[in-house]
Amino acid sequence: MITEIRTELLKVRTTRLSYGLLATGAGITAMFSILESARAGAGGANAPDPLYTTSGFGTVFSAGIWGLLFAAVLGVTVSTTEFRHQTATLTYLATPHRNRVLTAKMAAGALTGTVFGLVSFLIAGGTALGFTLARGYRVPLGDATMARFGVGHLLAGALLAAIGVCLGALVKSQLAAIVAVFVWAIIIESLIGGLFTATRPYLPYTAATNLAGTTLGGAAFGPAHTTTASGAPLPFVAAVALLAAITAALALTAAATTTPRDIT
Amino acid sequence: MAIIEIRGLAKRFGPVQAVSDLSFDVEQGMVTGFLGANGAGKTTTLRILLGLVSADAGTATIDGRAYRDLPEPLHTVGAVLEASGFHPGRTARGHLRAQAIAAHADPSRIDDVLDLVQLTEAGDRRMGGFSLGMRQRLGLAAALLADPEVLILDEPANGLDPEGVRWLRDLLRGFAAEGGTVLVSSHILAEVAQTVHDVVILDRGRLVKQAPLAALTEHGDLEDAYLNLTERQANR
């Protein structure tokens with residue numbers, strides 16, 4: 001299995017798309033981090049609270065969700081690129097046991113997803129810290145909380161990327177799977193979370209962003225978006241378990257349906 | 001000794017019976033030409049043999065085992081099935097590095113096979129800019145990376161210039177002369193006649209004939225023999 005994972009990691013490292021996705025996620029994270037930091041405490045209906053407050057500081061952290069979203073997209077590309085460029089033939093010639101390939105891709109996607117999570121954490125956290133200290137405030141979060149957010153970013157990036165790999169294995173069309181990621185994260189979860197607030201903690205993208213320190217509703221768009229805590233997110237371990245269970249369910253579905261299909 | 005054995009193979013895609021009750025052997029140390037019109041079932045047979053397509057009935061084995069049961073498949077079989085199976089954004093060398101890891105092949109072989117297929121200078125170029133002939137050569141490089149005993153090639157001469165066709169012929173004959181086994185499908189009968197030892201002819205998924213090339217061309221050239229056999233099959 002180590003060989004298969006090394007092969008998949010090399011494939012990720014030797015394509016420009018991976019770096020493009022990382023750069024895009026990092027760029028959008030940086031843009032929103034700076035924007036929210038600059039607006040924090042400025043007053044007005046939609047401005048975040050000041051950076052010396054937990055909610056204001058946390059709002060800046062919420063910009064890291066963009067990097068996590070692109071981790072899921074990276075995961076999609078890890079599996080769908082094989083079908084887009086017809087390289088699945090070579091992959092399955094090297095490793096005829098296809099579930100090993102799927103497992104290796106999930107592992108490679110997850111490892112790469114942690115890089116996306118780390119970059120998001122460093123950008124969002126660094127921006128929040130920089131603006132907070134520059135304005136002469138005390139950082140409102142303790143070291144333990146910051147560390148939990150950091151670990152949360154890594155785990156969320158890894159699990160979202162693994163989910164993306166499985167989604168790509170099921171859908172196979174790269175464009176359709178990437179559109180599905182954005183539609184799910186931006187529209188469907190916002191709609192479901194807005195209409196049925198009790199379901200919010202259990203929505204996968206929301207749970208992933210909660211791991212990374214975003215408040216419940218902080219990652220939603222439109223009327224469902226709230227920057228202050230409006231409910232209890234899942235406990236850290238429960239959120240990890242939920243995302244791992246979703247990953248496993250998607251992987252088992254792909255292994256039973258699309259993965260065994262003929263490569264013609 | 002037969003190293004590839006096909007027995008009673010059948011495969012249907014929806015309404016199309018791609019392969020029917022197909023049986024033939026490929027002998028070790030021989031180049032065997034796999035001939036048939038478009039849609040005759042050649043590619044389907046090769047893909048079943050390589051574990052990429054599941055058969056409805058029958059068996060296809062290499063060295064007595066199904067492809068997926070080979071302990072080190074790329075050390076046993078090198079295959080080139082399609083020249084388009086490359087990521088256009090990856091360099092040729094990057095592609096071979098990934099293949100070398102997957103095959104447990106010595107990375108130093110990358111330079112050897114690039115040299116063998118005359119792509120050393122293009123090794124660091126992205127494959128999106130490669131011609132069809134270059135992609136065919138790179139496919140062969142990847143197939144040869146783990147020094148396999150068997151080569152399975154689907155239309156490898158497509159896109160090669162005359163010099164490349166001659167190079168391929170010499171490569172395949174040399175591979176067989178050293179004890180390797182080659183199963184190669186092709187439409188170019190004149191080229192096949194200069195390359196292969198044995199011929200397997202397929203028509204609409206069924207075996208028409210398996211014979212040594214010398215026996216088939218005893219009373220004429222391979223093209224005449226092929227057309228006579230396939231027309232006779234069609235009239236049945």
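Student: What makes a residue count as lining the largest cavity, and which lie nearest its centre?

Tutor: On a 1 Å grid over the protein atoms alone, a cavity is a set of points where a 1.4 Å probe fits but cannot get out, and a lining residue has an atom within 4 Å of a point. In this predicted model, 21 residues line the largest cavity, with A:Lys11, A:Thr15, A:Thr81, B:His87 and B:Arg90 nearest its centre. Residues are numbered from 1 along each chain as written, and chains are lettered from A in the order in which they are written. Linings use all residues, whereas local features need pLDDT of at least 70.

Student: What is meant by the volume of the largest cavity?

Tutor: Volume is the space filled by probe spheres set on the grid points, which are joined across faces, edges and corners. For the largest cavity this is about 270 Å³. The whole structure has seven cavities of 30 Å³ or more.

Student: Which helix gives the largest share of that lining, and why is it called a helix?

Tutor: Helix α4(A) supplies five residues, the largest share.

Student: How are the residues lining the largest cavity classed?

Tutor: Seven are nonpolar, nine polar and five charged. Ala, Val, Leu, Ile, Met, Phe, Trp, Tyr, Cys and Pro count as nonpolar, Asp, Glu, Lys and Arg as charged, and the others, Gly among them, as polar.

Notes: Predicted model: local features only at pLDDT ≥ 70, side-chain atom pairs only at ≥ 80, totals over all residues. Heavy atoms only, no water. 1 Å grid on protein atoms, 1.4 Å probe; cavity = no way out; pocket = protein on both sides within 12 Å on 5 of 7 lines; lining within 4 Å. Helix = DSSP H or I, 4+ residues; strand = E, 2+ residues; numbered from the N terminus.
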